[in-house]
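Subject: Structure handover, salt bridges and a nonpolar patch

Hello,

The structure is below for your records. My notes on charged contacts and surface follow it.

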Amino acid sequence: MDPAEPRRIRWAVGLTRAGMWWEALAAAFWPLAVVLALVLAALAFGATDLLSSRALSWVMAAVALAALLTAGWGLRRFRRPSAEAALLRVDLALPGRPLATLRDRVAVGAGDEGSAALWQAHLARMQAAAMAARPVAPDARLRWRDPVALRLVGMVALVMALIFAPAGQLGQGIAALGATFRPAPEARPGAEAGPSWEGWAEPPAYTRRPTLYLNALPEGQRLELPKGSKLSFRLYGEGAGIDQDIGAAVAGGDPAAPEFMAERDGVIEVAGRRFDVTVLPDAAPEVAPGQAPERRADGRLVQEFTASDDNGVAAGQAVIALDLAAVDRRFGLAPDPEPREAVALDLPLPATGSRKQIRGRLVGDLSRHPWANLPVTVSLKVEDGIGQQGASQPMRMVLPGRRFFDPLAAALIELRRDLLWSRDNAARGARILRAASWQPEGFMDAELYKGLQGAVGTLESGNLTEETRNKLAQVLWDAAVALEDGGLADALQRMQQAQERLSEAIRNGASPDEVQRLMDELKQATDDYLDMLAQQQGEDPAERFDRSPQNRQQITGDQIQQMMDEIQRLMNEGRMAEAQELLEQFNRMMQNLQVTQSEGGEGGRQRPSDRLAETLRDQQKLADEAMRQMQDQYGQWQQGEQGQGSQDNRQLADRQRELREDLGRQRGLLPGRGTPQGEEARRQLDEAGRAMEEAEQALREGDPGGAMERQAQAIQSMREGMRALGDMAAQDRQAQQGQGQQGGPEGPSGDPRGRRGLEQPYNRPPQTDPLGRALSGDGGSINGGDPLAEGPDPARKARDLQDEIRRRSGQRERPREERDYLGRLLENF
C-alpha cells in the first residue's frame with residue numbers, strides 16, 4: 001500500500017485485511033476447529049475414564065485421522081488475502097470508487113491546462129470521498145458453508161466444558177492420552193522393565209473438591225482425603241500391584257484397574273511409590289428447631305429451624321409423632337388409637353448455593369390431620385452426603401389446626417376426630433349426631449339435616465370400613481366448615497372467580513362490553529360477600545377476633561366503592577396493566593376483610609393519614625437500616641472481610657417492595673377525589689411509589705447509597721402528601737362547623753349501632769401525627785385543627801436534618817472524609 005496515502009485510509013484497509021484473514025481461516029478450517037472443540041470437551045468431562053486402553057487407542061486414531069482430513073481440506077481451500085484485495089473491498093464500499101480513481105493517470109489531454117484543472121478538481125473531490133473510508137466487516141458465510149450448524153455444536157460443547165467440567169479434569173485426560181501412546185522405556189542392560197501405573201483420588205461430589213492425579217504429586221507428600229473418597233488406579237506391565245490398608249476394595253472391579261474407598265488413615269504402596277494417607281473425618285450434621293410455632297388462624301404449621309454441616313446438608317425431614325402420654329384420654333379419646341405412621345415433612349433446603357449453614361422455615365398444612373389440635377412431638381432430622389444423620393431433641397407441642405367456634409360445627413369436628421382416632425367410637429358418634437340433630441327447626445337447614453341422618457345410618461350399620469370412615473370424615477369436615485363460615489366461603493369463592501375472569505379478560509384484550517359485563521359481575525359478587533360478612537354481626541366475635549382499635553384498620557364501604565371506581569376508570573382509560581395490578585390488590589384485601597361496628601359512626605375508623613404515618617415511619621426505619629448496611633459493608637471492605645451484604649440487600653429490597661405495595665393500596669383508598677388537596681396527595685404518593693421502586697432496584701443491584709437517595713425522596717413525597725391530607729381535613733372540619741350538628745348521638749342515620757365498616761389486621765401507630773405532635777382525644781384530630789398551625793416543630797426539624805445528612809452521605813462524588821463525617825453524625829440521631 002502506498003505510504004503516501006492518508007492514515008485513515010491505511011487504517012481502514014489494514015483492519016479490512018485482518019478481517020479477510022479471519023474469513024479465509026474460518027472458511028477453510030472450521031471443520032478442524034469443530035473436531036478439536038469436541039475432543040477438548042470430551043477430555044474435560046473425563047471421557048478417557050470410560051474407555052479401556054485399547055478402545056482409547058482406536059478412538060484417538062480415528063480422531064487423529066479426522067483432524068488430518070479436515071486440516072488437508074482446509075489447506076486446499078485456504079487463500080491468503082492480499083493488500084490489493086483489501087483495498088478493493090474498501091473501495092467498493094465507497095460511492096464512486098475514489099481509491100481507484102486516486103491511482104488513475106490522465107491518458108488524453110495531459111498537456112492541456114483546462115483538462116489538467118478539471119482533472120485536479122475531480123481528484124480533490126475523490127480525495128474528500130476517500131476520507132470517508134471505513135473498515136468493512138468480515139463475513140465468512142459459515143451459515144452457507146455449514147447449513148446444519150456443526151460449528152455451533154462444537155462451540156456449545158467447549159463452553160459447557162469450560163463452565164461445568166471438574167477442575168483439573170482436562171489435564172488428567174491429556175495425561176491419560178500421553179500414557180496411552182507413550183512408548184515403553186527401553187530396558188537397561190541387565191535389568192527388566194518395571195511396571196507402570198496411574199492413579200486418581202476423587203472426593204465425594206457433595207464436598208465439591210477437585211479430583212487429584214496421584215502421579216503428579218511430589219514424592220513424600222502426605223495425601224489428605226475426605227472420608228468416602230474413591231481411589232482409582234490403572235496398572236500396566238507385569239507384576240504391578242497395590243498394597244493398601246485405608247479401605248475396602250470395590251467389589252467386581254477389574255484387577256488391572258482396582259478401586260477402593262478411603263475410610264481410615266493408612267498407607268498405599270503401588271509400584272514402589274508410597275503414599276501416606278490421612279482421612280479427614282466428616283462430622284455429622286446438626287439441626288435445631290426455632291421457637292415453638294404459634295397458633296395461626298388458618299391452622300398451618302410454621303416451624304423455623306437451623307441446620308449445619310461441614311460439607312453441606314443433603315436432605316432433611318420433620319417427623320411428627322403422636323404424644324400419646326400427653327393426650328387427655330377421655331370421651332372419644334378413651335379407646336386405644338388405631339395405629340398411624342408418623343408424619344414426615346421434607347425440610348426446605350436451598351436449591352443453589354452453600355448448604356453448610358441453613359436457616360429455614362417449614363410450612364405445612366396439617367389442619368385436617370387426625371392429630372390436629374392434639375399433643376405431638378416434632379423431631380427434625382438431617383443427613384449429609386455419606387448418609388450421616390443428625391437429629392434434634394423431640395419438641396412437644398400441640399399440632400396446629402383450625403379452631404371452630406360455632407357449637408354445632410365444633411361438635412362435628414370433635415366427632416370427626418373421634419372417628420379418625422378409632423372406629424370403636426362409631427356407636428357413640430351416632431348417638432351424638434342424633435342428639436345434635438334433634439328438632440332441627442330454626443337452627444339447621446334441611447340439606448344439612450338430611451346429611452347428618454345419612455351419617456347416623458352409616459355409623460349404625462355396624463360395617464364401618466376404613467374407606468367409609470375416611471369418606472364420612474370428609475363429609476363432617478365440609479359440614480363444619482359450612483356451618484362455621486355460614487356460606488361465607490362460597491361467597492368469597494364467587495368473588496374470587498369473578499375477579500379471575502375479569503383479570504383473564506384484561507390479559508386477553510377482551511372487548512369493552514365484555515370487560516364491563518365482568519366488572520358488573522365482580523361488583524355484584526363483592527356486594528354479596530359484604531352482605532354475608534354483615535350477617536355475621538349477630539354472632540359474638542370476642543373469641544374470634546381482636547376488635548380493639550389499636551390492632552385494626554377499618555375501611556368503609558364507600559372506600560371500597562372508590563377502589564372499584566378507580567379500577568373502572570383505569571380500564572376506561574385503557575390503562576389495563578395498572579387496572580390489573582389494582583384488581584389483584586383489591587382481591588387480596590377482600591380476602592382479609594371482617595365486619596366490625598364503630599361506636600358513634602366515626603369513632604372507630606382509622607384515618608388514611610394514620611396508616612400513611614405508619615408507612616412513613618417504616619420507610620424511615622428502612623432507610624436507617626440501609627445506612628447501617630452501607631457502613632457495615634464499607635467496614636468489612638476495609639478489613640478485607642467477605643460479608644453477607646448481598647443477602648442483606650435482597651432482604652432490604654423485599655421490605656422496600658412490601659412498603660411500595662402497601663403505599664399503592666393506600667393510594668387507591670384516599671378520600672377527596674376531584675378536590676385539589678386530594679389530587680395533590682395522590683400525585684405525591686405516586687412520586688413516592690416511583691422513588692421506592694427505584695430504591696428497591698438500587699438495593700437489588702448492591703447500591704445502598706443510591707437507594708438511600710431514593711428513599712429520602714420517597715419520605716419527602718409522603719410528607720407532602722400528608723400535608724395535603726391535613727389541609728383537606730381542616731377544610732372538612734370548617735365546613736362541618738359551618739353546617740352545625742346534624743342528627744343525634746346515634747349518628748346521621750339514627751342507627752344506635754353506628755356505621756358498619758370493614759376491618760383488616762393492622763398495627764395502629766402511636767397517638768402522634770407524622771410530625772411528632774400529640775393528637776387530641778376527640779377522634780384523633782390534631783390540636784388546633786390545622787396540622788401546620790403550630791409553627792416550626794423541633795421533631796420535624798430533626799427529621800429534616802437527618803434526611804439531608806443521609807442524602808449527602810449517599811452522594812458518592814463527595815470526598816470519603818466528608819461522607820465518613822456525615823456517617824458519624826447519623827449515629828447520633
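Arginine 469 is buried, with a relative accessibility of 1%; here buried means under 20% relative accessible area, exposed over 50%, and partly exposed in between, with a 1.4 Å probe and protein chains only. This is a predicted model, in which local features need pLDDT of at least 70 and side-chain atom pairs count only at pLDDT 80 or more, while totals for chains, interfaces and linings use all residues. Residues are numbered from 1 along each chain as its sequence is written, and side-chain values use heavy atoms, with hydrogens and water left out.

Salt bridges

The side chain of arginine 469 forms a salt bridge with that of glutamate 338, at 3.2 Å from N to O. The two residues sit 131 residues apart in distant parts of the chain: arginine 469 is in helix α12 (residues 466-485), and glutamate 338 is in the loop between β11 (315-322) and β12 (343-346). Helices (H or I, at least four residues) and strands (E, at least two) are DSSP runs, numbered from the N terminus. A salt bridge is counted when a side-chain nitrogen of Lys or Arg is within 4 Å of a carboxyl oxygen of Asp or Glu. That rule gives 30 salt bridges.

Glutamate 696 is paired with two arginines. With arginine 660, the closest N and O atoms are 3.1 Å apart. Glutamate 696 is buried, at 9% relative accessibility.

The other partner is arginine 700, whose side chain meets glutamate 696 in a salt bridge of 3.2 Å, N to O. These two are four residues apart in helix α19, so about one helical turn separates them. Arginine 700 is partly exposed, with 38% relative accessible area.

There is also a salt-bridge network that links Glu414, Arg417, Asp418 and Arg428.

Nonpolar patch

A nonpolar surface patch of about 1100 Å² includes Leu40, Phe45, Leu152 and Met155. Patch residues have over 30% relative accessible area and no salt bridge; like charges are joined within 9 Å, and nonpolar side chains (Val, Leu, Ile, Met, Phe, Trp, Tyr) within 5 Å. Accessible areas come from the Shrake-Rupley method with a 1.4 Å probe, and for residues only the protein chains shown count as cover. Helix α7 (residues 150-164) supplies the largest share of the patch, nine residues. Leucine 158 lies in that helix and is partly exposed at 31% relative accessibility.

Regards
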